[in-house]
Amino acid sequence: MEATVSGHAAAHGQRPSGLRRWLTTTNHKDIGTMYLWFSFTMFIVGGIMALLIRAELFEPGIQFLEPERYNQIVTLHGLIMVFGAIMPAFVGFANWMIPLQIGASDMAFGRLNNWSFWLLIPASLLLVTSLVVPGGAAGVGWTLYPPLSIQMGMGMDMTIFAVHILGISSILGSINIITTILNLRAPGMTLMKMPMFVWTWLITAFLIIAVMPVFAGAVTMLLTDRHFGTSFFSAAGGGDPVLYQHVFWFFGHPEVYIVILPGFGIISQVVPAFSRKPLFGYTSMVYATASIAILSFFVWGHHMFTSGMPVAGQLFYMYATMLIAVPTGVKVFNWIATMWRGALSFETPMLFALGFIFLFTMGGFSGLVLAMTPVDVQLHNTYYVVAHFHYTMVAGALFSAFAAVYYWLPKWTGHMYNERLGKTHFWLTMFFFNMTFFVQHFLGLAGMPRRVPDYALQFADFNMISSIGAFGLGLSQLLFLYVVITCIKGGPKAAAKPWDGAEGLEWEVPSPAPYHTWETQPQVK
Amino acid sequence: MSVPPRPNNRKTLIKLALFSALMFGFGYALVPLYSVFCSVTGLNRVGSNDAPLNTQVDLSRVVDVEFDSNVHDMPWKFRPLQAHMLVHPGAVSQAMFEVVNKKNEAVTGQAIPSYGPREAALYFHKISCFCFSKQTVAAGQTRRMPVVFVVDPSLPKDINTITLSYTFFAVEGNTRAEADKPSSRS
């Protein structure tokens with residue numbers, strides 16, 4: 001590594017062009033860009049699947065998706081959105097921004113970084129092509145619960161391998177991010193001087209290397225149960241299907257914080273920038289993030305209240321889950337306090353940040369409702385749960401990703417995006433998101449089960465509203481694509497620091513950020 | 001400018017990779033760990049301590065239920081096996097009655113309940129009762145019959161004693177064939 005640095009420095013500007021540049025690049029900005037485009041592609045693929053689901057649910061009865069096919073699409077929608085869209089998006093932001101923000105010239109392991117990205121391609125191909133193999137894709141839901149996942153056809157094996165590859169990719173990516181943050185910070189940048197985005201990613205990366213291997217283990221057990229005669233979960237051989245749920249959610253609950261913590265970091269940078277005030281309670285933000293991460297290991301049972309659990313377990317998980325509201329509340333109050341008496345302006349990143357705070361808090365409240373065991377027993381596997389996690393994943397993770405794109409787009413492209421279209425994109429997304437998902441609360445309270453392609457007649461009106469909203473939400477994202485492409489191609493020149501209230505080292509390099517930055521590390525005071 | 005000693009990236013990589021490998025193993029270790037955890041704490045006996053608790057029982061009140069029995073012009077001896085019971089309103093209780101047919105042929109009768117005080121009838125819910133159907137008792141037979149009942153928790157506060165009285169009446173056309181047919185509930 002050290003040997004190549006000097007040779008690399010001499011080779012500036014002589015990088016291979018065309019496809020070879022992207023295949024062999026070890027540059028954090030190139031890889032970040034590829035991550036972001038990959039994520040957007042998967043967002044569209046997963047989004048088309050969501051629209052297929054909503055088209056089937058537009059009216060009662062089976063229209064054009066057989067129940068098996070419907071289940072497969074629901075499963076792939078979940079897997080692709082979580083592992084293909086949200087996580088790579090945040091890894092893309094991490095690649096682009098962490099070295100810029102900590103004053104490092106690149107990620108710690110360039111070659112590994114390249115590999116982490118390119119692993120995503122076969123994994124996503126495995127997932128998507130499993131739709132056309134005999135028996136179709138895995139139709140068990142993204143949680144891959146046995147006994148069904150032990151019985152399905154080869155589409156399930158492809159899903160398992162895809163999960164393995166995705167797991168390796170994100171573990172390697174996380175190791176890279178942790179090493180970069182711990183070892184390559186500019187002199188003078190102590191841990192408690194790091195930008196919040198870097199902090200949240202450091203904690204997220206630790207979560208990933210702690211739980212992704214557990215998930216890999218769980219699906220490996222599924223695989224050996226399927227083909228190699230073990231009986232971890234197969235009841236026929238003395239195994240326990242509920243054990244899978246415990247192992248899966250030991251991964252699965254930290255996973256939901258993996259997809260939201262970097263979003264918290266982004267919001268913690270965008271809100272101060274457009275409030276023209278430093279972040280309120282930086283230290284408490286760091287500790288709140290760490291507390292959420294630690295608590296996330298002790299709440300997995302709340303996904304299993306109806307799976308058979310002793311009362312002591314139900315009470316423990318109920319109280320532990322409610323405890324998470326405390327550090328999360330600290331964060332929300334800190335964001336609001338940051339805005340208090342600030343000189344606010346409402347550019348697109350700020351709009352998405354405010355939308356995030358408003359809608360994510362709603363998702364947090366419906367989460368508190370679901371945390372109550374007796375209520376959860378009623379609402380388990382209804383559309384109330386679907387509404388809840390889309391408020392946290394779409395209005396949470398996706399909105400924060402949009403905020404990040406608009407916030408850093410001038411730095412990446414050197415151009416300002418079209419503010420009017422950006423705001424239009426926000427308001428369309430905000431409106432159609434709520435039209436799609438708010439009504440699902442009512443459907444869930446009225447007892448509509450999820451993961452079923454048909455429904456009783458009394459749910460028809462809300463489902464039609466939700467489906468219309470979903471198509472509006474999907475089409476609005478084409479506007480986003482248009483805004484990004486026009487911003488790459490041209491637009492008003494962006495200053496090195498286009499947002500007057502923004503803080504951080506990334507605004508000290510020119511816009512667009514040159515291919516190599518911080519080759520001499522800055523001194524942080 | 002002096003360069004501060006750079007921490008060894010490779011060392012960090014190895015540590016983190018080792019940690020990931022350990023966590024992969026931990027996933028497998030969870031399989032026996034769950035069994036051990038459950039058997040140590042006894043938490044896996046789902047349902048054993050989940051006996052249904054009747055929250056409708058008013059433990060603050062005790063109602064004295066007295067039993068009385070009569071026969072109207074029948075060759076039967078009919079008596080309650082307990083003179084009275086102390087019950088909590090809302091609790092399910094059972095009382096036993098005994099009937100002896102002193103005649104040397106089968107006799108069919110129907111028990112009619114009455115309550116004292118009369119308004120207690122509204123609050124006295126019989127879940128199962130021999131008075132719900134005709135009873136045919138063979139010659140010389142002795143039969144024990146239960147009444148399962150709940151005193152409604154909304155029983156007015158001034159009623160602390162309820163008398164439940166049954167009177168058996170002979171059923172007209174007292175034949176064996178007819179006796180087997182169920183009659184409507186009283």
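**Notebook: chains A and B**

I began with chain B, where residues 24 or more positions apart account for 75% of the contacts with a separation of 6 or more (contact: heavy atoms within 4.5 Å). The model is predicted, with local features needing pLDDT of at least 70, side-chain atom pairs counting only at pLDDT 80 or more, and totals for chains, interfaces and linings using all residues. Residues are numbered from 1 along each chain as its sequence is written, chains are lettered from A in the order in which they are written, and side-chain values use heavy atoms, without hydrogens and water.

I then looked up the secondary structure of chain B and found 2 helices and 9 strands (DSSP runs, helices H or I of at least four residues and strands E of at least two, numbered from the N terminus). Along the sequence, chain B reads α-β-β-β-β-β-β-β-β-β-α. Of its 186 residues, 36% count as buried (under 20% relative accessible area, 1.4 Å probe, protein chains only).

Next I turned to chain A, which has 18 helices and 0 strands. Its radius of gyration, 23 Å, is close to the 24 Å that the globule rule gives for 525 residues, so I note chain A as being as compact as a globular protein of that length (C-alpha atoms; the rule is 2.2 Å times the number of residues to the power 0.38). The C-alpha trace of chain A spans about 65 × 50 × 45 Å along its principal axes. I found 63% of the 525 residues in chain A buried. For chain A, residues 24 or more positions apart make up 82% of the contacts with a separation of 6 or more.

Notes
Buried < 20%, exposed > 50% of the residue type's maximum accessible area, 1.4 Å probe, protein only.
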